[in-house]
Amino acid sequence: MGPLSYYELYELNHAALSPMRAAADMFSLLLKSPLNPISQTPLGRNWQAGLELFERTTRRYAKPGFGLGTTLVGGTRVAVTEETVWQRPFCNLLHFQRALETPRRDPKLLIVAPMSGHYATLLRGTVEAMLPRHEVYITDWIDARMVPLSDGSFDLDDYIDYLVEMLHFLGEDVHVIGVCQPAVPVIAAAALMEAAGDRFAPRSMTLMGGPIDTRINPTAVNELATGKSLDWFRDNVVMKVPFPHPGVMRDVYPGFLQLSGFMSMNLDRHVTAHQDLFKHLVAGDGDSADKHRDFYDEYLAVMDLTAEFYLQTVDTVFIQQALPKGQMTHRGVPVDLTAIRNIALFTVEGENDDISGVGQTEAAQHLCTNIPADMRAHYVQPKVGHYGVFNGSRFRAEIAPRISDFVLTHQQTKRAAAPAAATPVETAPPAAPPVAPKAKPVARAKPAPAKATPANAKPAATKPAATPAKPAPAPAELPADDLKRIAGIGPKLEASLNAAGIFRLAQIAKLTAKQATALDVRLALKGRIGRDDWIGQAKRLLSPQEAATEA
């Protein structure tokens with residue numbers, strides 16, 4: 001490559017063209033002036049079109065904005081505010097806050113945007129379609145050239161860690177959508193969380209046009225990856241960020257290289273589109289010209305990827321194909337897709353997808369063998385390519401409603417299983433109710449002794465010993481213990497236990513194995529009662545007097 005890398009030559013070329021772009025802008029403004037006598041002549045319109053085309057093909061496109069100011073919720077138009085709720089050096093988590101007059105219990109939806117060259121705004125249509133029925137969050141990945149070298153590295157393992165952190169931040173009952181490249185880290189994070197019994201694992205995951213198994217119907221992108229060695233990619237496409245960007249000297253896969261690769265796959269289509277733009281501008285067809293501008297303002301805005309993330313993804317997903325072979329690991333821990341049992345799975349593909357071939361995403365259905373049949377679904381959208389899977393009219397009309405219905409179905413399933421607030425456990429066996437504590441006065445004074453009458457002297461067999469002389473007060477009437485004293489129980493989990501009728505340490509200490517299993521399943525604790533030894537902890541926390549009294 002000589003003394004200058006391609007990245008440095010790209011920056012030098014961009015700087016050299018800056019005066020010509022400025023001149024093109026100036027002359028374009030002069031030609032558009034109504035005081036210019038040739039502005040509306042054929043010659044003037046041709047000049048204007050040529051100058052705009054030159055400026056657009058030589059500019060650097062900035063990161064676009066989402067621009068979603070409003071949405072329609074329940075037939076009412078409401079304002080939408082975009083806010084950053086979680087931050088890390090390489091990613092922000094954005095929340096689209098809806099200004100609702102009446103609070104709604106819509107499912108939380110985490111959309112994981114691709115970290116593959118384009119910005120998260122490429123999924124503007126996805127966010128817009130989901131806003132009416134969901135509380136939407138999206139990952140906003142940071143351009144690697146804007147991250148100082150002092151902020152450290154970022155690879156595929158870090159990507160998965162970020163997803164797990166976001167799910168913990170958002171809390172329980174979150175549904176995830178992974179679009180294209182994130183399908184692999186999303187399903188890997190889900191498997192790792194399920195295997196660890198993490199209660200913050202998502203309720204459902206929707207994978208759209210993702211390279212789960214690139215051995216199926218390989219595309220030109222897949223063949224390029226498998227046709228080269230990892231060293232080839234390291235030597236030919238990894239470059240250092242030049243001065244004066246904040247990430248100077250960071251090893252990256254430049255966005256302009258990836259964009260060049262994508263455009264070369266359909267170069268004739270892009271050339272034709274720009275020729276049509278010229279014709280529309282000459283003819284004064286403003287609507288068609290605006291559509292072209294909107295699409296290419298988004299498509300040509302690209303970001304750099306860290307070299308370590310890019311190379312690890314190429315190696316793991318495309319060269320080694322480690323996930324479908326059961327060989328993928330995360331920081332040395334195997335990613336076992338059979339561990340996924342409680343997360344509903346929906347896979348979506350486009351019939352004409354030339355980036356992730358048909359069947360590559362559906363492979364997740366065959367790899368996640370322990371997800372029940374009623375918690376999985378697959379859909380192939382006819383007559384759409386890769387971008388039509390998550391954007392466009394067919395997405396809005398046919399794909400988005402299916403995703404929304406799938407999410408709402410599995411959100412409602414959990415709500416139907418949850419008890420009403422402050423209601424004791426009343427499920428039939430095997431979900432036997434926890435043993436209720438015996439009645440004691442609040443002051444813990446000794447009860448008055450019973451009189452020695454013949455009625456009191458009857459044998460125990462004539463009256464069940466477990467039946468008190470007076471109805472036992474409800475648990476809520478007794479002083480509630482601080483259940484958070486048990487390691488592994490936080491405020492949210494304590495509230496869930498209270499809602500299930502568990503208020504006191506003694507109730508937990510007296511759970512039988514059968515009751516503990518039933519409670520674990522009911523509250524979706526994923527084995528936490530046994531793993532954290534709640535029963536043993538509760539017994540140790542009870543004072544000897546309490547233990548003797550509760551016995």
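Colleague: What makes K228 count as lying over the face of W232?

Modeller: The rule asks for NZ of Lys or CZ of Arg within 6 Å of the ring centre and within 35 degrees of the ring normal. K228 lies over the face of W232, at 4.8 Å from the ring centre. R402 lies over the face of Y379, at 4.0 Å from the ring centre. This is a predicted model, where local features need pLDDT of at least 70, side-chain atom pairs count only at pLDDT 80 or more, and totals for chains, interfaces and linings use all residues. Residues are numbered from 1 along each chain as its sequence is written, and side-chain values use heavy atoms, leaving out hydrogens and water.

Colleague: Why is Y6 called partly exposed?

Modeller: Buried means under 20% relative accessible area and exposed means over 50%, with partly exposed in between (1.4 Å probe, protein chains only). Y6 has a relative accessible area of 45%, so Y6 is partly exposed. Y6 is placed in helix α1 (residues 6-32); helices are DSSP runs of H or I with at least four residues, numbered from the N terminus.

Colleague: What makes α5 mostly covered?

Modeller: In α5, 12 of its 13 residues are buried, including A183, P185, L192 and E194. After α5 comes G197, with a positive phi near 70°.

Methods:
Helix = DSSP H or I, 4+ residues; strand = E, 2+ residues; numbered from the N terminus.
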